[in-house]
Amino acid sequence: MSAIQQNMGSKHASIIEDLSGIASVDRVYDAFSQWPVEEKRAFFQTLVSTPTLIDSEQPTNQSWTPPRMLFERLVHKYNETFEGKRDDQMIVARLAAKNCVRLPRPIGASDDMEDELKEVCIRSARSAEDKMRYLYPNMKDERNIFLDLTSVTQQIDLSYIDSLDSILRFEKFLEYAKLPQFKSRKKGPLAQDTNTGYKFVFDWLKKKKVVKIFEVTVDDLDSPGHGDREIISMLKGWHVKLWNWRRFDISSRTILQAAPDVEEVYLYSSGRKAVLDSWACEGGLVALQSLKRLNIVIRPEVETIQICDLHMREFDKEFWRTLNNAGRGGSVEWQTFLHVASQSSPIPRFSRFGHGSADQAPKHYWLDHMRTFAQDILNLDWTAYEETAYEGTEDEGTDYEWTEDENTGGKCADEETDKMPSVRVALIDTGVSIAPGLGITVEKGKSFCDAKSGFRDWFVEPFEHGTYMAYCIREICPVVKLYAARLDDTRGGSEFTVRSATRAVNWAVDMGVHIISMSWSFNEYDHASADVASFRQAISRAHQNNIILFAAMKDQGPVREDFRDYPIGLPETIGIGSATRYGKRAAYNTEGLGQFYLPGEEVILPSLDASGEKELKKETGSSIATAFAAGLAALILYCMMLDEMVPKEGKEGIAKKRLERARTTAGMAHIFRRMCRRDDFLEVWDVFPYELSETRIVQVNEIHDVVEQLLPALQLRTKNRY
C-alpha cells in the first residue's frame, strides 16, 4: 500500500488503486470531484510530500503516481475548489511546479510566491525541456537556467566571459554552475594571485542578476588550486544545495561558511586519516544541519589502497556515532568508496555529420564574387532607405523593435515593428565557437544534449563542424541573425541522436526563423520508427510555417542515395550537393538527391584553435555547400526586404508578394533554379553585381534589379505560381 493510500484510509482505497491505470481516468476524476474539501486537501498535501514525480506516460508498480493526464485534471479541479484561498492554491501550485504543469497564478500571489514556484520547478527532477516549457510558455522569452563550461578547452578569463556576456541571458535561479580546471597563466597557488581563479565568473553572474545557484561543480584537483578563502568568497550567499568542489581534503569548515544550507556534498580525499577524522568529528560535517546526502571519494595519494580502505571503514563508524550523538541518526545517507564506478547505460543508434578536408586549393571565383557583394550589403548606406521608405510601414514577419534587455544591458528582439529588415537562420549542428577572432555572432543558442550522457552547451567544444557552418553562412550573409541549435553529440565522434534533431527543428520553428540549415543526414532504418516519425512531423511543421529547409547530401561517392536518408530524402527540403570551383559536381555527389550545387570543394576556412586566430585551412564536403546555400537564401530575403521598403508608384504590393513567395521552400527553390545554367550549379554572377555603386540612390536601384532578376514581377502576376 502506498503512502497516499495509508494517509487517505481505506474509504477511497479502491479509487486510489484505480489510479494505476489510464483507462480509469474519467471514473477517478468524477469520484475525486465528489470528495469533501478536507479530503481533497489531505490528498494533495500528501502528494506534495511524496518524492516521486508524476509519470509522463504511466506509473510504475513500485510507487504510486497518477498518470499525467489525470494529474493535470485533478490539480485544475483542486484549483477551482479553493479559488480565492491563497494558501490552499499554493499547495497545489508547488506540486504543479514540481511536475512542470502550468496553472493560473493564485489570486493575490506575490512576486515572492512566483519565485518560490520558479525555484521548485528548477530544482525538480524533471527534464530541462519540461522546465523550459513550464517557465517560458513563449519560447522566445527563454533564459539560461544553468552555466556549464566544463567542455571549454581555451583559457576562461575575463575576455572569454565578455564574449559570453551579450549572448547569454540568465534566470535569477540557476539549476547548476559547472566549471573546468582553472588554467592559470601564473605560477604558484591561486591564493597568491588576486587576478586569477574563478571569482570573476561568479561576480559576472551577480552582474547578470543571478541570486541563487543550487548546484556547484568545479574541477580543482590539479595544482594550482583555489584556497579556502577564495572558495568561501566565491560561493558565500549563493544558497548552494549541492556541493561538488573537486579539491582534495577540503575543510568542512570551508563548506559550512560558504554553503551552510547545503543538502548534498561530494568530498575528495587523498587518504589522509587526519582529514577524514576532521570530517567525522562533532565539529565536522555534522555541523551542516541541512545535510541529507554525503559522497566521499578516496583516491590514494599518500597511503596505500589497503590503508585507505581501513581509514574509510573507520570514518564510517565514527561518522555514524557522531550523527547519533547529535540526534540525527538516519537523517543522512552517505557512501564512501575508493574508485568512481563507471555506469553503463543503453546507447541508442546515432547519425553522423558529413565532413571532409583537403590540403591545398586555389581561390574560388564564386566565393570571391559573393563575399564582395555581401560586404557591400553590410556597409550599405542606410540613409538611402531611410529617406525613401514609407514612414510607419510595418513589414509583417520581417522587422523588429529593439528594446533594452535588463539582463544583458544590450539589445534584444521584441515586437516586429522596426524599420530595418531582419533575416533569421537556424543552424542545427554541433556547437558554435564565440571566439572573437572568428567574427561569428549568435542571436540565440540552445543545446539539446542529454544531461545524462554529459551535457554540452551550444558554445563549448567540440564545435568545429558547427562553427564552420556558421562561418560559411555569415560569409555570404553577414547581416544574418543566427540561431544555433546544438544536436546531442555527447556519445563521441560526429554522431548525434535523432531525438535531439527533432527538438532542434521544433525550437527553430518556435523562434520564428526564416531558414533552417541542416548539414547532416541519417538513415531511417538505423533508428526507432517512433523517433523517425517525430522528426518527419517536425520537418512538416517547419514547412507549414513557411520555413525554408536546406539539407546536405551524404558525400558517399557516385552511388545513388536512398530516399530513406533524412532530411534530404524528405520532399519539404531543398537538397544541396558540393561542386568544384569550376562548377562541376564533386565526385562524391555525382548521383543522389541533390537539387542544387554550390561550392564545397577545397574551401579556405579559418582554423579553429583555442585563441580563435584565423590560421587558414581547407575543407571539403556538401556540409559547406549547404551552409553557403542557407547564407545565399538569407541574402536574397534580405535584399527583397530592402526593396520592399522603397515605395514604387503604380507597383504597390509587388515587392510584398515577391517576398511572400521567396519565403517558402518552393519559392526559394524556384529562385535557385533561375540561377542555374548547367549541372544545377548556381551561377550567381549573372544576377548579383560584383560590387555596389558608391552612390546611395544607385545602390537602391541595383538591389531592385537583383530581386527583379531573381523573381520578375511578370511571374508574380500569373495565376500559376511557377
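Trainee: How far from the ring centre of Tyr176 does Lys178 lie?
Mentor: This is a predicted model: local features need pLDDT of at least 70, side-chain atom pairs 80 or more, while totals for chains, interfaces and linings use all residues. Numbering runs from 1 along each chain as its sequence is written, and side-chain values use heavy atoms, without hydrogens or water. Lys178 lies over the face of Tyr176, and its distance from the ring centre is 4.6 Å.

Trainee: Which ring does the charged end of Arg123 sit over?
Mentor: The test wants NZ of Lys or CZ of Arg within 6 Å of the ring centre and within 35 degrees of the ring normal. Arg123 is 5.5 Å from the centre. The ring is that of Phe214.

Trainee: How many aromatic pairs does the structure hold?
Mentor: Rings of Phe, Tyr and Trp (its six-membered ring) pair if their centres lie within 6.5 Å. The structure's count is 21.

Trainee: What is the angle between the planes of Phe202 and Trp238?
Mentor: Their centres are 6.4 Å apart. The pair is tilted, a class between stacked (under 30 degrees) and edge-to-face (over 60). The angle is 50 degrees.

Trainee: How many residues apart in sequence are the parts that this pair ties together?
Mentor: Phe202 lies in helix α10 (residues 199–207). Trp238 lies in the loop between α11 (228–235) and β6 (242–246), so the pair ties together parts whose separation in sequence, in residues, is 36.

Trainee: Are Phe202 and Trp238 buried or exposed?
Mentor: Buried means under 20% relative accessible area, exposed over 50% (1.4 Å probe, protein chains only). Phe202 and Trp238 are both buried.

Definitions and conventions:
Helices (H or I, at least four residues) and strands (E, at least two) are DSSP runs, numbered from the N terminus.
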